[in-house]
Amino acid sequence: NAGVTQTPKFRILKIGQSMTLQCTQDMNHNYMYWYRQDPGMGLKLIYYSVGAGITDKGEVPNGYNVSRSTTEDFPLRLELAAPSQTSVYFCASSSTGLPGNEQFFGPGTRLTVL
Amino acid sequence: GENVEQHPSTLSVQEGDSAVIKCTYSDSASNYFPWYKQELGKRPQLIIDIRSNVGEKKDQRIAVTLNKTAKHFSLHITETQPEDSAVYFCAASKGANNLFFGTGTRLTVIP
């Protein structure tokens, strides 16, 4: 099992450009999450999904969109990149949403918006 | 929403000494408290967790304690080793497994 994989590893965007961060998991997990981690800070939840076709906002959803057409994939879309979106983005998955169910994280995507 | 505060932000200890990291949370409905370790440039990895119906949990050199009344929980690492050097994050959750993270503690173990 590859676990949770993310592409790309690094990306530099210009202000106003758009891009999609890809996330795939091969553990047949129902729950998937997108977090951002700003320098020296903890992770903040952007969006999450409890299953294919179902998504919901987290703590900091503004400027982002998600979709969940399959169990495996949970892409994160930035439509109009802004410098405030410079961050490291982590995707995670868990088999259920029950407290105590471990979230497995991907390796992260480092995004810089100039 | 939930607010998790974590202290200290940096911690240096001599190899073999103990390290303690403390977190407080604001939402009394939170019922799950994991701790993650993140090495430089790597992904966060779960090292230990505790649910609200338990006061203490231990796993070898690592222990976590929870005080629900005071709404705080702590990570204890005994007999620290250089490989324990990393950033440690506490988190709290109350449903849908949505985690609210603290701001992290950079632990340095000096050989």
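Reader: Are Cys23(A) and Cys91(A) buried or exposed?

Author: In this predicted model, Cys23(A) is buried, and Cys91(A) is buried as well. The word applies to a residue with under 20% relative accessible area.

Reader: What joins Cys23(A) to Cys91(A)?

Author: A disulfide joins them, with an S to S distance of 1.8 Å. Since Cys23(A) sits in strand E3 (residues 19-25) of chain A and Cys91(A) in strand E9 of chain A, the pair ties together parts that are 68 residues apart in sequence. The torsion about the S-S bond of Cys23(A) and Cys91(A) is about -70°, so this disulfide is left-handed.

Reader: How many disulfides does the structure hold over all chains?

Author: Over all chains there are two disulfides. In chain B, Cys23(B) and Cys90(B) form a disulfide in which the sulfur atoms are 1.9 Å apart. This pair links distant parts of the chain, with Cys23(B) in strand E3 (residues 19-25) of chain B and Cys90(B) in strand E9 of chain B, 67 residues apart. The torsion about the S-S bond of Cys23(B) and Cys90(B) is about -100°, so this disulfide is also left-handed. Cys23(B) is buried, with a relative accessible area of 1%, and Cys90(B) is buried with a value of 0%.

Reader: How many helices and strands are there in chain A?

Author: Chain A has zero helices and 11 strands. Of its 114 residues, 44% count as buried. For a chain with 114 residues, a compact globule would have a radius of gyration near 13 Å, and chain A agrees with this because its own value is 13 Å. The C-alpha trace of chain A spans about 40 × 30 × 25 Å along its principal axes.

Reader: How should I read a pocket, and which residues lie nearest the centre of the largest pocket?

Author: The general idea is that rolling a probe the size of a water molecule over the atoms shows where empty space is left. Here the largest pocket has a volume of about 730 Å³. Its lining has 31 residues, and those nearest the centre are Gln37(A), Arg110(A), Gln38(B), Leu40(B) and Gly41(B).

Reader: Which strands each supply at least two residues of that lining?

Author: They are strand E9 (87-94) and strand E11 (109-113) of chain A, together with strand E9 (86-93) and strand E11 (105-110) of chain B. The largest share, four residues, comes from E11(A). Sorted by class, the lining of the largest pocket has 11 nonpolar, 14 polar and six charged residues.

Methods:
Residues are numbered from 1 along each chain as its sequence is written. Chains are lettered from A and ligands numbered from 1 in the order in which they are written. This is a predicted model: local features need pLDDT of at least 70, side-chain atom pairs count only at pLDDT 80 or more; totals for chains, interfaces and linings use all residues. Side-chain values use heavy atoms; hydrogens and water are left out. On a 1 Å grid over the protein atoms alone, a cavity is a set of points where a 1.4 Å probe fits but cannot get out, and a pocket is an open set with protein on both sides within 12 Å along at least five of seven lines; lining residues have an atom within 4 Å of a point. Grid points are joined across faces, edges and corners, and a volume is the space filled by probe spheres set on the points. Ala, Val, Leu, Ile, Met, Phe, Trp, Tyr, Cys and Pro count as nonpolar, Asp, Glu, Lys and Arg as charged, and the others, Gly among them, as polar. A disulfide is a pair of cysteine sulfur atoms within 2.5 Å. Buried means under 20% relative accessible area, exposed over 50%, partly exposed in between (1.4 Å probe, protein chains only). The radius of gyration is taken over C-alpha atoms; the globule rule is 2.2 Å times the number of residues to the power 0.38.
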